[in-house]
Each structure stands twice: as structure tokens, then as C-alpha cells.
Amino acid sequence: MASNRVIGNRGCMPWKIPTELRRFRSTTLGHTVVMGRKTYESIGHALPGRTNIVLTSKVNYMAPGCIIARDLPSAIKICPEDENEMFVCGGGQLYKEALSIADRIYLSVIHREIAGDVFFPEVPSKIFQKISSEDHEDILSYTLSIYERVT
Ligand SMILES: NC(=O)c1ccc[n+]([C@@H]2O[C@H](COP(=O)([O-])OP(=O)(O)OC[C@H]3O[C@@H](n4cnc5c(N)ncnc54)[C@H](OP(=O)(O)O)[C@@H]3O)[C@@H](O)[C@H]2O)c1
């Protein structure tokens with residue numbers, strides 16, 4: 001997210017940061033990714049090398065290479081039995097919902113404000129504790145922090 005919590009603008013991600021995209025790929029590769037229908041449409045295809053689950057209330061929605069689920073609990077049930085880390089990868093609506101059940105948050109914060117219309121929710125400090133933080137320099141500088149659920 002940007003420093004003003006923006007994560008999206010007009011259905012797209014407002015930036016492309018190569019090192020951050022590579023980190024997202026390497027962290028999620030081989031795992032299950034869950035995304036909202038609007039995020040799937042902004043990407044336009046399934047993410048290769050991962051089990052893709054798209055959430056939508058639409059009947060007969062087609063997303064080639066993806067499994068469709070009606071809600072987050074159904075997506076968790078669909079998740080392969082041997083999965084040890086399932087990633088919720090947006091957008092704003094889904095992040096908000098997933099925060100109540102997430103065990104870990106990988107959060108990159110860009111060091112400037114960016115205009116947009118979709119936001120990352122506040123991370124409740126009583127529930128999540130920051131366990132690591134790394135600064136990165138790229139097209140835009142950013143800090144990647146990892147938070148874990150306290151209880
Ligand atoms: N910066 C980042 O890291 C990042 C990451 C991902 C996305 N984004 C950006 O975020 C924006 C999209 O976010 P958004 O909040 O507008 O949409 P979104 O969360 O991607 O998708 C919302 C849609 O997903 C479905 N959905 C979500 N929760 C559901 C639930 N619990 N049960 C059933 N269906 C559910 C619904 O689809 P139906 O309407 O079909 O029922 C809903 O309209 C885009 O601009 C995208 O580029 C940014």
C-alpha cells in the first residue's frame with residue numbers, strides 16, 4: 001500500500017515495483033492464492049504455479065485456471081489438504097474481511113502518498129505484532145513488514 005493506505009485506483013494497481021512483484025511471486029509460488037473477483041479481472045488471468053481461488057457471488061462466473069468460491073470459509077475448505085500457507089491477495093474488500101482470520105500479514109508500505117480509490121484496512125495493533133521490517137530501494141522505496149497474530 002501507499003503511505004495513505006491506497007492499494008488500487010480505477011480497477012488497477014497504481015504502481016509496478018519489480019522487486020516487490022518478485023517477492024510476491026516467490027512468497028506465494030506453490031501455494032494457494034485467494035482473490036476477489038475485481039482483483040482477478042484486474043490481473044486478467046490465473047497466477048501461474050499457484051492454486052487460484054476467485055471469490056464471487058456471480059452464478060456461472062468463468063475464470064480459466066481458477067476455482068470459484070462463494071465466500072472465504074468455502075475458499076478455505078476448497079484449499080488443498082496439504083497447504084500450509086494460504087494467501088489472500090486482495091483487493092480491499094477481501095483484505096478487510098480476511099483480517100479477522102489472518103495469522104500473518106506481509107505488508108509493503110511505499111514511502112509516499114498515491115492517489116487511489118481502494119484502501120488497505122488498519123492493522124489492529126492489539127491483535128497483530130510486527131515481527132520483521134526491511135527497507136527496499138526500487139523505482140519507489142518501500143518497507144516490507146511482517147506481522148503475526150498475537151493470540
Ligand atoms: N496493491 C495491492 O497489493 C493490490 C492487491 C490486489 C488488488 N489491488 C487493487 O484493488 C482493487 C480491487 O479491490 P476491490 O476491493 O475493489 O475488489 P476485490 O476485493 O478484488 O473484489 C471484490 C469482489 O470480490 C467478490 N467478493 C469479495 N469478497 C467476497 C466474499 N466474501 N464473498 C463473495 N464474493 C466476494 C465480489 O465479487 P462479485 O461482485 O462478483 O460478487 C466483490 O464484488 C483494484 O484496483 C486492484 O488493482 C491492489
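The structure is a predicted model, in which local features need pLDDT of at least 70, side-chain atom pairs count only at pLDDT 80 or more, and totals for chains, interfaces and linings use all residues. Residues are numbered from 1 along each chain as its sequence is written.

The secondary structure of the chain comes to 4 helices and 9 strands. Here helices (H or I, at least four residues) and strands (E, at least two) are DSSP runs, numbered from the N terminus. The order of elements from the N terminus is β-α-β-α-β-β-α-β-α-β-β-β-β. In UniProt, an unreviewed entry lists residues 1-151 as "domain: DHFR". UniProt positions are given in the numbering used here, feature names are shortened, and annotations may be inferred rather than shown by experiment.

The overall dimensions were computed from C-alpha atoms. Along the principal axes, these atoms fill a box of roughly 40 × 35 × 25 Å. The radius of gyration of the chain is 15 Å, which agrees with the value near 15 Å for a compact globule of 151 residues. This radius is taken over C-alpha atoms, and the globule rule is 2.2 Å times the number of residues to the power 0.38. Buried residues make up 23% of the 151 residues in the chain. A residue counts as buried if 20 or more other C-beta atoms lie within 10 Å of its own, as exposed if 12 or fewer do, and as partly exposed in between, with C-beta atoms placed from the backbone.

Two open sheets are described here. Strands of a sheet pair through backbone hydrogen bonds, either parallel or antiparallel. Two strands are taken to pair if DSSP finds at least two bridges between them.

Strand S3 (residues 51-55) runs parallel to S4, and 4 bridges join the two. Asn 52 has Cys 66 in S4 as its bridge partner.

Another open sheet has 3 strands in the order S6-S9-S8, with antiparallel pairing. Its edges are strand S6 (104-110) and strand S8 (128-136). Each of these has a single partner strand, so one side of each lacks a neighbour in the sheet. The twist averages 20 degrees from one strand to the next. S8 and strand S9 (residues 142-149) run antiparallel and are joined by 8 bridges. The hairpin between S8 and S9 passes through 5 residues. Lys 130 has Tyr 147 in S9 as its bridge partner. Ser 133 stands opposite Ser 145 in S9.

The shell around the ligand holds 26 residues. A residue is near a molecule or strand if its C-beta atom, placed from the backbone, lies within 6 Å of it. Gly 8, Gly 36, Thr 39, Gly 90 and Gly 91 come nearest to the ligand. At least two shell residues are supplied by each of strand S1 (6-8), strand S2 (32-36), helix H2 (37-43) and helix H4 (92-98). By type, the shell divides into 9 nonpolar, 11 polar and 6 charged residues. Ala, Val, Leu, Ile, Met, Phe, Trp, Tyr, Cys and Pro count as nonpolar, Asp, Glu, Lys and Arg as charged, and the others, Gly among them, as polar.

A cis peptide bond joins Gly 90 and Gly 91, with omega about -5 degrees. Gly 91 is found in the loop between S5 and H4. Tyr 40 is found in helix H2. Tyr 40 is buried, with 25 other C-beta atoms within 10 Å. Tyr 40 and Tyr 95 are 55 residues apart along the chain, and their C-alpha atoms are separated by 14 Å.

Positive phi angles occur at two non-glycine residues, Arg 10 and Asn 60. For Arg 10, phi is about 50 degrees. Arg 10 is found in the loop between S1 and helix H1 (18-28), and counts as exposed with 10 C-beta neighbours inside 10 Å. For Asn 60, phi is about 60 degrees. Asn 60 lies in the loop between S3 and S4, and is exposed with 5 other C-beta atoms within 10 Å.

Conventions:
Axes are lines fitted to C-alpha atoms, for helices over the stretch in contact, and angles run from 0 to 180 degrees between N-to-C directions.
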